[in-house]
Amino acid sequence: MIAKLYSLCFFSLLFSMAAFATTKPGKATAPAAGSKFYEVRIYYPTPGKYAEIVDRFRQYTTKIFEKHGMENIGYWTPTDTTQKKLIYILAYPSREARDASWKAFGSDPEWKAVVAKTEANGKLVDHVDQIFMTEADISPKLKLSQKSPERTFELRTYTCTPGKLPNLLSRFRDHTIKLFSKHGMTNVAYWVTQEKDPNEQSKLVYILAHPSEAEGKAHFEEFRKDPKWIAAKDASEKEAGGSLTTKVESVYMKPTDYSPIK
């Protein structure tokens, strides 16, 4: 009888330990149910080829992407015209589908003919940055809507303090997203990155929409001064034992004329 009680206590202890195990820094939180696989691609043109690379997507690339099962989400250029880059997001059913689509795209004779035609006087792209992502469970449903007048978008990337991504997502879920809406900012979508190094913690990436860049910055100033935000920030950092982020990056963007989301 004593042995049976000891065994029950032992397994109960194991269950409790598992239930309260902390998330490993390198692990992303579970993606939203039925989530697609997303990719941010940032193209840096060769000198003098910025307009050409933007136009090639307009005339050819987006259509060939669709042909190979890639979903065009959005295409943007920075409002800061000194930043010569094209930023876009694609969606796929899965990572495996993504890899298969790109393989088919790269070997497509139609695409090869486009490259030969558009790069007759030299390469258009210097290099490409990629960010792989899954939809966070805090994200609203992504809608490829086009508003009039045209909106300004903001791509924000949060690098978290080690081990604090779950805390950050909880703060967004319980407070931040609602306060963004309160202050006139539209929550477009939220993702967590899928890092190449499994020991590297995922980042939070999200997009907001604003009536304009100036209004977006003004709304953020209002948000930061909101007593509810100050209280939520202080409480979350007290619970976590310090700041939840080590770096925040922001890029204001305008949609291209061929972007599915505007």
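I began with E4 and E6: strand E4 and strand E6 (residues 186-193) run antiparallel and are joined by 3 bridges. I looked up one pair there. Glu135 has Trp191 in E6 as its bridge partner. I note that this is a predicted model.

Next I followed E4 to its pairing with E1. I find 9 bridges between E1 and E4, and the two strands run antiparallel. I checked two positions. Val40 stands opposite Ile131 in E4. Glu39 has Phe132 in E4 as its bridge partner.

Then I looked at what else E1 pairs with. E1 and E3 are joined by 7 bridges, again in an antiparallel run. Tyr38 is bridged to Ala91 in E3. So far I have E1 paired with E4 and with E3.

Is E1 mostly covered, or mostly open? I find it mostly covered, with 8 of its 9 residues buried.

I turned to helix H3. It spans residues 95-106, which is 12 residues. From first C-alpha to last I get 17 Å, close to the 16 Å expected at 1.5 Å a residue.

Which residues of H3 are buried? My list reads Arg98, Ser101, Trp102 and Phe105. Seen down the axis of H3, the buried residues fall within an arc of 95°, so they line one face of the helix. I recalled the geometry behind such a pattern. An α-helix has 3.6 residues a turn, so residues three or four places apart point the same way.

I checked the other side of H3 as well. Glu96 and Lys103 are exposed there.

What do the buried residues of H3 pack against? I count strands and helices among the partners. The strands are E1 (37-45), E3 (86-92) and E4 (125-135). The helices are H2 (50-67) and H4 (109-118). E1, E3 and E4 had already come up in my pairing notes: E1 bridges to E4, and E1 bridges to E3.

I find 7 helices and 8 strands. Of its 262 residues, 45% count as buried. The protein exposes about 14100 Å², and carbon and sulfur atoms supply 57% of that area. For contacts with a separation of 6 or more, residues 24 or more positions apart account for 80%.

Conventions. Residues are numbered from 1 along each chain as its sequence is written. This is a predicted model: local features need pLDDT of at least 70, side-chain atom pairs count only at pLDDT 80 or more; totals for chains, interfaces and linings use all residues. Side-chain values use heavy atoms; hydrogens and water are left out. Helices (H or I, at least four residues) and strands (E, at least two) are DSSP runs, numbered from the N terminus. The expected span of a helix is 1.5 Å times one less than its number of residues. Buried means under 20% relative accessible area, exposed over 50%, partly exposed in between (1.4 Å probe, protein chains only). The arc is that of the directions from the helix axis to the C-beta atoms. Contact means heavy atoms within 4.5 Å. Accessible areas come from the Shrake-Rupley method with a 1.4 Å probe; for residues, only the protein chains shown count as cover. Two strands pair if DSSP finds at least two bridges between them.
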